[in-house]
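Colleague: I would like to learn how terms get attached to a structure. May I ask you about a few of them?
Modeller: Please do.

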Amino acid sequence: MTGQSPRWWIYRGTGQPLDVDLAAVLPAPPPWRTFVGGPVLPPAPEDPAETNRRLGATSQLAQDAVDEHEVDMVNAALYLRRPLLVTGRPGTGKSSLAYRISRELGLGRVLHWPISSTSTLANGLYDYDAIGRVQAAGARQAGAPGSNSEVDTDIGNFITLGPLGTALLPHELPRVLLIDEIDKSDIDLPNDLLSVLEDGGYQIRELARLAKAEPDVGVFTDDPGSSAVVRDGVVRCRAFPVIVITSNGEREFPPAFLRRCLRLGMRDPDLDTLAGMVAAHFQGQQSEHTQELIKSFVDRSGQEGGLAADQLLNAVHLATSGAYETDGSWQRLVDALWRRLSAGVE
């Protein structure tokens, strides 16, 4: 991209934190995507260590190297308050996109929901430890030491919100939620998500039953050491979260699910993008050999039908850490590190 970025962009795609008040610059949502949950919670906690692990300590990607289509779709998702379904080969940076968005816009810790074949909507929303509560009540009745406090059997102490459930809490600014590898899910999960994504909220049945007697209940959240108050057993967002749903393109999704998402196909990272990624992770350790390694990786990726960026970072680490001498056996090691991702006979 050349020249100035489009004026409507809020997210710029460089991974560099923006000096901007998101609440002031983000336009109001469409009327059909307006939510009024409450009470309003404090800003999301930070998690710089995890973000740095994913992206590197700083981003070095220049504005003229960003993928315009990618940035267009992220901004469209921000404006429309819709999830972003991101497809692409493994290693193209689908998951990292959530961390770049969070870092740039100052949205705090990324909530991560890794999907497996046993994942259900309930797993993402909340967990109620009914057995633990019964055991606590039994210990209290038996007069166990330290069990005389009401807090032992308070229902809120046995409810923990999941990543999706936490993302939908009523923060003033959106949380960032990564729903990772939805291809692995049971066939029903995309359909089960529809009402939650459309309504921007959900009900905790165990608390709804007690709402008249106990309208406000504190529960644990997916953020370490954090809790939130749930009113009348209902969680509803104020700012719809920035939801990045990743897919390796291994299955088709129901039309109703696709209609509620914006879709982005991630391209293989080019030379400039890879150079920026290496610079972010290996500050002050680059050399001419590193640049040659990046060029060789791009060539090999084309020959092998696509390699993951992690495979490049592995080779650069060995080349720059001093742990391995780049002698005559170096090419043999690189060949082993840069094997194609698809299964097959070697």
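Colleague: Which strands does helix 4 lie across?
Modeller: Keep in mind that this is a predicted model. Helix 4, residues 94-105, lies across strand 1, strand 2, strand 5, strand 10 and strand 11.

Colleague: How do you know which way helix 4 runs relative to strand 10?
Modeller: Angles are taken between N-to-C directions and run from 0 to 180 degrees. Helix 4 runs at about 165° to strand 10.

Colleague: What makes strand 1 and strand 11 a pair?
Modeller: The cut-off is at least two bridges. Four bridges join strand 1, residues 84-87, to strand 11. So they count as a pair. The two run parallel. Within this pair, Leu 84 stands opposite Leu 262 of strand 11.

Colleague: What holds paired strands together, in general?
Modeller: Backbone hydrogen bonds pair the strands of a sheet, either parallel or antiparallel.

Colleague: What is the strand order in the open sheet of five strands?
Modeller: The order is 2-5-10-1-11, and the pairing is parallel.

Colleague: Why are strand 2 and strand 11 called edge strands?
Modeller: Each of them pairs on one side only. Strand 2 covers 111-114 and strand 11 covers 262-265. From one strand to the next, the twist averages 20°.

Colleague: Now the spaces. Why is something called a cavity and not a pocket?
Modeller: In a cavity a 1.4 Å probe fits but cannot get out, whereas a pocket is an open set. The structure holds one cavity of 30 Å³ or more. The largest cavity has a volume of about 30 Å³.

Colleague: How do you know which residues line the largest cavity?
Modeller: A lining residue has an atom within 4 Å of a point. The lining consists of Val 74, Ala 77, Arg 82, Leu 84, Ile 101, Val 242, Ile 243 and Val 244. Strand 10 gives the largest share, three residues. Helix 3, residues 68-80, also supplies at least two.

Colleague: How many residues of each class does that lining have?
Modeller: Seven are nonpolar, none is polar and one is charged. Arg counts as charged, so Arg 82 is the charged one.

Colleague: What lines the second largest pocket?
Modeller: Its lining has 22 residues, and Leu 26, Arg 81, Glu 172, Arg 238 and Ala 239 lie nearest its centre. Helix 1, residues 22-25, and helix 3 each give two or more residues to the lining. By class, 16 residues are nonpolar, one is polar and five are charged. About 370 Å³ of space lies in this pocket.

Methods:
Residues numbered from 1 in each chain as written. Predicted model: local features only at pLDDT ≥ 70, side-chain atom pairs only at ≥ 80, totals over all residues. Heavy atoms only, no water. 1 Å grid on protein atoms, 1.4 Å probe; cavity = no way out; pocket = protein on both sides within 12 Å on 5 of 7 lines; lining within 4 Å. Points joined across faces, edges and corners; volume = space filled by probe spheres on them. Contact = heavy atoms within 4.5 Å.
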